[in-house]
Amino acid sequence: MSLAAMQRDFAGWLTDRPGSMAAWVDGAAQAGLDVYHNAYHMRLADCLHEMFEKTALWLGDEAFMTAARAHIDGRPPHGWTLGVYGDGFDRTLARLYPDDREVESWSKSWMTAPTGRIAGGADEMLLNTIAERILGLPQDHRPDKGVAFNDIPR
Amino acid sequence: MTATPIASFDRFGLGLRTPHYQDFLTSTAPVDFVEVISENFMIDGGRPRHILDQIRERHPVALHGVSMSIGSADGLDRAYLARLKTLVDHVDPLFVSDHLCWTRIAGFNAHDLLPLPYTEEALDLVCANILQAQDVLERPMLIENPSTYLQFTADSMTEWQFLNAMCARTGCALLLDVNNIYVSAINHGFDPMTYLDGVPADRVRQIHLAGHSQGRDCLIDTHDQPVPPPVWALYAEACRRVGPVATMIERDDDIPPLADLLAELDMARAIATMDRRRAA
Ligand SMILES: [Fe+2]
């Protein structure tokens with residue numbers, strides 16, 4: 001087996017890209033593949049929900065999850081920290097709700113209050129601000145716990 | 001490389017979680033050590049680091065990582081390693097641990113602990129990555145057995161055989177998660193006692209305890225409930241085999257008041273001491 005090829009196929013499975021895990025597992029693994037697929041999406045949706053709590057209250061959970069799903073599909077995470085995963089979610093929301101000024105203002109509030117996003121500032125400063133808001137509080141980043149279960153819309 | 005130079009620390013701790021920050025900062029919680037998620041503190045300065053510094057003044061700290069991705073076919077992320085090394089130098093932790101899994105490939109990061117096939121190819125790669133990490137960190141690591149939800153058709157050895165070879169080749173030690181053994185055993189239909197008998201007991205330096213949930217088709221390692229009876233039973237068996245090692249309880253969802261977790265930790269103490277008395 002080529003580990004690199006398997007891992008690329010697994011990433012493809014998680015992100016709904018064409019390709020197949022069938023070369024690497026048998027039919028009994030389908031339930032497990034579903035668990036990983038679900039956990040990947042739920043974790044990112046939870047992360048967005050925590051960062052954009054007020055937007056979620058305004059939209060309601062179902063609409064928020066649909067928006068989160070659109071964002072996750074368009075922007076799979078790259079870095080080792082989820083601290084910056086909310087970057088650009090305001091643009092996803094603007095695309096889905098082009099005429100909704102309330103959504104626009106809520107979606108920008110997590111970055112602007114109370115310390116303000118440091119426009120053009122040093123990366124570290126920005127990271128600190130984000131760390132305080134996301135990594136320190138309110139919830140720790142814990143991908144080693146599994147995520148149950150299964151209600152994110154596909 | 002054979003023997004691991006990591007000293008044993010035969011004590012009982014808890015994970016540091018945000019709802020308990022105040023408890024840990026304003027009182028001396030009766031724990032012998034505190035485990036923190038490395039990535040939450042791998043950013044210089046700021047409130048998280050300030051909190052960690054205050055905790056460190058009161059307790060020994062274990063650094064538990066979730067994003068090293070020692071199973072990545074791509075190799076390790078050097079910038080990540082450099083940040084972790086800075087944190088390790090700052091904290092002077094009891095242990096530095098991460099998981100037998102992969103999280104990252106070709107620039108994509110799943111933020112989940114994804115399963116590895118247990119093959120010679122994966123073993124070579126994992127060992128090379130661990131050796132590189134230990135080289136940068138200038139200390140041996142603890143590697144934790146994951147909960148898994150599928151197995152690969154290419155598997156040519158069991159997880160415990162993989163762990164044995166990995167420890168022998170790299171000098172790393174083990175963080176044995178008893179709940180993960182139980183969850184994987186149920187999901188894949190092996191006997192958890194066979195697993196316990198198969199791991200190199202003299203390499204275990206820390207034990208994790210946690211709760212899980214029944215998913216639609218599998219047990220899921222959710223860390224959202226008290227440690228259940230079968231996991232306590234397995235812990236007693238683990239104590240019998242590995243002797244006195246650091247034990248801690250992982251609770252990450254539906255987090256109860258600290259007092260409840262301290263009561264669970266007393267249960268762990270009682271089980272471990274019972275075993276130590278029997279051994280004496
Ligand atoms: Fe664990």
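What percentage of contacts in chain A between residues at least 6 apart in sequence join residues at least 24 apart? I looked this up first, and for chain A the answer is 58%, with contact meaning heavy atoms within 4.5 Å.

**Ground rules.** I am working with a predicted model, in which local features need pLDDT of at least 70, side-chain atom pairs count only at pLDDT 80 or more, and totals for chains, interfaces and linings use all residues. Residues are numbered from 1 along each chain as its sequence is written, chains are lettered from A and ligands numbered from 1 in the order in which they are written, and side-chain values use heavy atoms, with hydrogens and water left out.

**Confidence.** I noted ipTM 0.93 and pTM 0.88 for the model. Chain B has a mean pLDDT of 92, and 97% of its residues reach 70 or more; pLDDT is the predictor's confidence in each residue, from 0 to 100.

**Chain A.** I find 7 helices and 0 strands here. Helices (H or I, at least four residues) and strands (E, at least two) are DSSP runs, numbered from the N terminus. Of the 154 residues in chain A, 50% are buried, that is, under 20% relative accessible area with a 1.4 Å probe, protein chains only.

**The barrel in chain B.** Next I traced the sheet: 8 strands close into a barrel in the order S1-S2-S3-S4-S7-S8-S9-S12, with parallel pairing. Strands pair if DSSP finds at least two bridges between them. On average, neighbouring strands of this sheet are turned by 25° against each other, direction ignored.

**Strand S4 of chain B.** I followed S4(B) to both sides. Parallel to S4(B) runs S3(B), joined to it by 2 bridges, and S7(B) (residues 142-144), also parallel, is joined to S4(B) by 3. Asp98(B) has Ile143(B) in S7(B) as its bridge partner. Helix H3 (residues 78-91) of chain B lies across S3 (61-64) and S4, running at about 175° to S3(B); axes are lines fitted to C-alpha atoms, for helices over the stretch in contact, and angles run from 0 to 180 degrees between N-to-C directions.

In a regular strand the side chains alternate between the two faces of the sheet.

**Ser97(B).** Is this residue buried or exposed? Ser97(B) counts as buried because its relative accessibility is 3%. His64(B) stands opposite Ser97(B). Leaving aside neighbours within four places in sequence, I list Leu63(B), His64(B), Gly65(B), Met141(B), Leu142(B) and Leu175(B) as contacts of Ser97(B).

**Cores.** The largest nonpolar core has 123 residues, and among those touching the most other members are Phe10(A), Met68(B), Leu209(B) and Tyr235(B). Such a core is a set of buried Ala, Val, Leu, Ile, Met, Phe, Trp, Tyr and Cys residues joined through side-chain atoms within 4.5 Å. Helix H2 (residues 30-51) of chain A gives the most to this core, with 10 residues. Apart from it I found another core of 10 residues, including Phe33(B), Leu142(B), Ala173(B) and Met248(B).

**Interface.** Finally, I counted 61 residues of chain B in contact with 54 residues of chain A. The two chains bury about 4900 Å² between them, 63% of it on carbon and sulfur atoms; buried area is the accessible area (1.4 Å probe) that two parts lose on being put together, summed over both. In chain B, Ile43(B), Phe108(B) and His111(B) lose the most area to chain A, together 15% of what that side buries.
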